[in-house]
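Here are my notes for you on this one, point by point. Keep the structure open next to you as you read.

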Amino acid sequence: MKRVPTLIVLLLTVAAMKPANGFSCVEAKLSLLTCLPFLTSSQDSPSTACCNAVSNVRASAPTKPELREACQCLTAAVGEFPNLDKDRAIQLPKLCNVDVGFPLTKDIDCNTISP
């Protein structure tokens with residue numbers, strides 16, 4: 001029974017760490033996991049859930065500093081998956097009709113982007 005209070009404390013701590021608004025790299029990466037079937041070529045097109053995640057990630061980075069943070073987070077994430085189809089990663093925002101403000105490639109200088 002002591003695990004329940006520990007779990008509650010852990011959840012409250014994580015919730016307190018999450019910004020009330022703004023960009024969260026961890027949250028972005030978790031939400032974009034729905035895109036992996038498309039990005040690893042096991043699906044022909046991105047799912048609705050994937051496109052919603054792309055849209056939500058863009059909406060969570062409305063300011064220039066948050067957009068740069070999103071760029072740094074997502075370009076690093078692209079490099080973390082060796083079986084990711086790099087061309088599909090670049091195409092993803094367009095296929096979801098979302099302008100994320102930068103290409104999803106590890107070869108971009110995030111300091112050069114502007115909202």
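1. Let's start with a term we'll need for the handedness part: a disulfide here is a pair of cysteine sulfur atoms within 2.5 Å. In general, it is a covalent bond between the sulfur atoms of two cysteines. Also keep in mind that what you're looking at is a predicted model.

2. How many disulfides does a search of the whole structure find? It turns up four. If you number the bonded cysteines of the chain in sequence order, they pair up as 1-6, 2-3, 4-7 and 5-8.

3. Take Cys 51 and Cys 96, whose sulfurs sit 2.1 Å apart in a disulfide. The torsion about their S-S bond is about -70°, so this disulfide is left-handed. Cys 51 belongs to helix H4 and Cys 96 to the segment after H6, so the bond ties together parts 45 residues apart in sequence. Both Cys 51 and Cys 96 are buried.

4. Now look at Cys 25 and Cys 73, a disulfide with its sulfur atoms 2.0 Å apart. This link is right-handed, with 85° about the S-S bond. It connects distant parts of the chain: Cys 25 is in helix H2 (residues 25–31) and Cys 73 is in helix H5, 48 residues away. Are the two ends buried or partly exposed? Cys 25 counts as partly exposed because its relative accessibility is 24%, while Cys 73, at 5%, counts as buried.

5. Cys 35 and Cys 50 form another disulfide, S to S 2.0 Å. With 105° about the S-S bond, their link is right-handed. Cys 35 is in the loop between H2 and H3 and Cys 50 is in helix H4, so this pair ties together parts 15 residues apart in sequence. Cys 35 has 1% relative accessibility, so it counts as buried; Cys 50 has 0%, so it counts as buried too.

6. On to the inside. Nonpolar side chains tend to be buried together in soluble globular proteins. The largest nonpolar core here has 29 residues, and Val 54, Leu 74, Leu 92 and Phe 102 touch the most other members. Helices H3 (36–39), H4 (48–59), H5 (64–80) and H6 (86–95) each supply at least two residues of this core. Which helix gives the most? That's H5, with six residues.

7. Finally, click on Leu 92. Setting aside neighbours within four places in sequence, Leu 92 is in contact with Cys 35, Phe 38, Leu 39, Pro 46, Cys 50, Val 54 and Leu 104.

Definitions and conventions
Residues are numbered from 1 along each chain as its sequence is written. This is a predicted model: local features need pLDDT of at least 70, side-chain atom pairs count only at pLDDT 80 or more; totals for chains, interfaces and linings use all residues. Side-chain values use heavy atoms; hydrogens and water are left out. A nonpolar core is a set of buried Ala, Val, Leu, Ile, Met, Phe, Trp, Tyr and Cys residues joined through side-chain atoms within 4.5 Å. Buried means under 20% relative accessible area, exposed over 50%, partly exposed in between (1.4 Å probe, protein chains only). Helices (H or I, at least four residues) and strands (E, at least two) are DSSP runs, numbered from the N terminus. Contact means heavy atoms within 4.5 Å.
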